[in-house]
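Q: Please take a close look at the surroundings of the ligand in this model. Which residues are found there, and which parts of the chain do they come from?

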Amino acid sequence: MNDIDMVMQNAREAFDSFKLLSSSDRSSFLQAIAAQLEAAREVLVQTAHEETNLPLPRLNGELSRTTNQLALFARLIEEGSWVEAAIDTADKNRTPPKPDTRKMLLPVGPVVVFGASNFPFAFSTAGGDTASALAAGSSVVIKGHSAHAKTSQQVFEAMQKAITKAGVHPYTIQHVLGSGSTVGKALVQHPYTTGVGFTGSFSGGRALWELANQREQPIPVFAEMSSINPVVLLQHTLQENTTSLAKTYAASISLGMGQFCTNPGLLLAVKSDALDQFLTLLGREIEQIVPQKMLHGGIQASYIKGLNEALSQKGIEKIAQSARQPAEGEAFPTVARVNAAVFMQNPHFREEVFGPYSLAVVCADKAELMAVLQSLKGQLTTTIMATDADIAANADIIELQTTLAGRIILNDVPTGVEVCASMVHGGPFPSTTDGRFTSVGTTAIKRWVRPVCFQGFRDSMLPDALKNSNPLHIWRIVNNEYTKNAI
Ligand code: NAP
């Protein structure tokens, strides 16, 4: 038996034990993890700072987001209605007689999580994928990201303390480090793996998705991959809010040196004097932004390569770059412009350049703007900047945008993803491999469960969520009506 076999054997044993835990005990376990992360805060943040170049305040905020996320899932499963219990009682007098059927969501089995490079806490070892899978009742094997291996190991050690404290199976969470093409591949291919969570590059996510589909028993890979997050700027708002729009968007494009999957990589507008003025002001703001180190050398090299490739395309015009020359490892924020006709002829312009870069697409008229939107691939977000008059005149643009992305934003920036029940951080391919799900917010739990129907079971044999007395006091659909009442 090799190492990965051993890990997955352990994960399966842990699953058989962990799935039997009450929601209340699972909820306490999630809270124990949050408490251990808080206890280790100073060390974790310092290590992550050294490994990722991310500033301390950002990392402190990200760790809080991570512990809040665990607490949110703890509350979700403590309340319990998320299992979507549905009960249809028997009717012996019907012809043919109607059986008693009861359905709820149950965990799929051991899940493999690939930590993301750009969020060492919130989308990594103890991040949203892990928290949602544990909340569902799955055991988790984490493939730590090599770019912050030490942080990942320290987070795992904090989680191990929570395992001991809560008394759950010792292999409920396991951690492996190593190359994606060996360790990662073997984890995805292992027959005991039942689902995969991933955040990273399109090539990485796609490769893992293909591996999962080539298995004798294919499994789902929920990969969050690539998005350029188009922003539509409408006429009146460009005229009325030129300066504030330029400041807001320069800040969003360069936030965290653009290392966010929700970075506004594409700005769309119809040509006008106001648009020219906006782009000039945006350029001036970008010139003022001080270059900072990116997460690691590989990401910086890939930013420079992507940027140079973009800027070398025919018809593109650089508007501005950060005025200060970047030092080694730094990214320099850049904005460029291109005419819509040129944009649509060259698929290169639709590729993500991961970093502080945004391309303005200047359209001849509204019809051309809509044609550009229609030519885009699936996105995590799309934004509309508009006054009331703009909104009244452009309902068709907004309608088109809702078909394009998982989240549509009015008069704000796409960067910043709230962790809550109503969030959708997902979208049509290639922003993710499955646009029906989200990787942020409480409904992220739905990735790790499947519905199971119990037909003709005696009350004592049913899970608590489906028993007549409703001992968990959860919302259920009983004979087509939402209720908390006992049967
Ligand atoms: P990545 O290269 O996709 O790696 C993410 C994880 O997947 C790593 O653990 C990696 O293993 C593994 N992996 C990658 N390719 C694999 C393959 N073919 N088979 C098996 N495992 C594989 O992403 P990254 O390191 O975070 O950043 C690289 C680029 O991804 C960035 O420059 C950027 O373009 C993009 N990115 C996008 C987002 C987004 O949210 N859209 C976020 C982060 C990064 P290793 O440890 O061997 O690398």
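A: In this predicted model, the ligand is surrounded by 24 residues. Ser 117, Ser 146, Gly 180, Ser 201 and Met 225 are the closest of them.

Sorted by class, the shell around the ligand contains 13 polar residues, eight nonpolar ones and three charged ones.

Several elements contribute to this shell. At least two residues each come from helix H7, which spans 180-189, from strand E6 (195-199), from helix H8 (202-214) and from helix H12 (297-311). Among the elements, H8 supplies the largest share of the shell, three residues.

Next come the polar contacts. Gly 180, already listed among the closest residues, has a polar backbone atom 2.7 Å from an oxygen atom of the ligand. With His 145, a side chain is involved: one of its polar atoms lies 2.8 Å from an oxygen atom of the ligand. Glu 224 also uses its side chain, placing a polar atom 3.1 Å from an oxygen atom of the ligand.

The last point is how far the ligand is covered. On its own, the ligand would expose 860 Å². The protein buries 81% of that area.

Methods. Residues numbered from 1 in each chain as written. Predicted model: local features only at pLDDT ≥ 70, side-chain atom pairs only at ≥ 80, totals over all residues. Heavy atoms only, no water. Near = heavy atom within 4 Å. Polar contact = N/O pair within 3.5 Å; in protein donor to acceptor, adjacent residues only side chain to side chain. Areas by Shrake-Rupley, 256 points an atom, 1.4 Å probe, with all protein chains shown as cover. Helix = DSSP H or I, 4+ residues; strand = E, 2+ residues; numbered from the N terminus. Nonpolar A, V, L, I, M, F, W, Y, C, P; charged D, E, K, R; others polar.
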